[in-house]
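Subject: Structure handover

Hello,

Here is the structure you are taking over. My notes on it follow below.

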Amino acid sequence: MDRRLMRSATTTFVVAFILSSCSTMPGGEQAAAGDTSSACNPLVGAGIGAVVGAIANKGKGAVVGAAVGALGCMAINAMSRQTKPASQVESDFRKSNKGALPTEPVVNAYQVVVQPGPTIAAGQPVTITSTSEVVSGTATPVTEIREEFALLDPSGKEQAKKSKVLTEKGAGSGGYENRFNFKLPQGVPQGAYTIRTTLYVNGAAASTNDSKVQLVFKAREGAAARMVAAR
Amino acid sequence: MEAATAPPVPAAPSPPAAPAGLQPEIAARIGAMLRQGREYTQQLQYDKAIATAESVLMVDPGNRDAMRLMRDAKEGQQAALNSIEID
């Protein structure tokens, strides 16, 4: 690699590092604390992109390659990340199970928090944050963890669905955090909506959580209605 | 020849007749409710539009404008539900 190419790659790596700093979660959370093997690291992604771009296009493609690599990781880390390494999750499981690990994968914890709370207004952003801990079995290791989000309208009919894979291949045990965002637009029926999240381990439903949010009538809508009625 | 007399038919209970003179007023009120219902659909307040249409249909079950208002409001609601996006 000549000096010019080296300089280009170095500059790109600095840019990539800055980009990677921006990709942390609000509040400064870092992706995959203590266990980078199973989480996407924007810095690594950017570095690989820089090197590949530099080799492929004699330095000119390094910046583009780095940016693509970093942004690719950001897209994953913006919504889901590993929060606990396998060693910690397995250690926690052993403490409450006489030092033994399960033979089959076990969902040791699964919690869902809905923000801003149980009542929402049309157009208001709603965030569903789930935290889970999955322990690999001694006979069957965890190969994939996927979370599915379904939104049921007040009549119980499913209106929207999305699924995300939380792990990379060969994930094993770990603690994960995942987020889904949505808004109920103006015009949807008022009432209680069900937020159903299901955790799939190795393709099989392992845990489900139902949360309710009440779509409430805004005072401004009431004022508009009264104005119409007064005409 | 004298025509055969039909057997007496028990009189069906007739709906309470609106006092004379109020029919146009009821029609006017229904018209105002339907106008209000259409305003609700324009404001995407489909729940209210549906409730208004139901009220009109209780008074005038065959009212086509109320049925149309009901259908339009339900279609609007479904379109809003179909537009939900999850990130």
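**Findings**

Of the 231 residues in chain A, 33% are buried (20 or more other C-beta atoms within 10 Å of the residue's own, with C-beta atoms placed from the backbone). The model is predicted: local features need pLDDT of at least 70 and side-chain atom pairs pLDDT 80 or more, while totals for chains, interfaces and linings use all residues. Residues are numbered from 1 along each chain as its sequence is written, with chains lettered from A and ligands numbered from 1 in the order in which they are written.

Chain A has 5 helices and 9 strands (DSSP runs, numbered from the N terminus: H or I of at least four residues for helices, E of at least two for strands).

Four strands of chain A form an open antiparallel sheet, in the order β1-β7-β4-β2; strands pair if DSSP finds at least two bridges between them. β1 (80-84) and β2 (106-115) of chain A are at the edges with a single partner strand each, so one side of each has no neighbour in the sheet. From one strand to the next the twist averages 20 degrees. β2(A) pairs with β4 (residues 125-135) of chain A over 9 bridges, and V106(A) has V135(A) as its bridge partner.

Between the chains, 21 residues of chain A are in contact with 17 residues of chain B (C-beta atoms, placed from the backbone, within 7 Å). α5(A) gives the most to the chain A side, with 5 residues.

Regards

Methods. Two residues are in contact if their C-beta atoms, placed from the backbone, lie within 7 Å. A residue is buried if 20 or more other C-beta atoms lie within 10 Å of its own, exposed if 12 or fewer, and partly exposed in between; C-beta atoms are placed from the backbone. Axes are lines fitted to C-alpha atoms, for helices over the stretch in contact, and angles run from 0 to 180 degrees between N-to-C directions.
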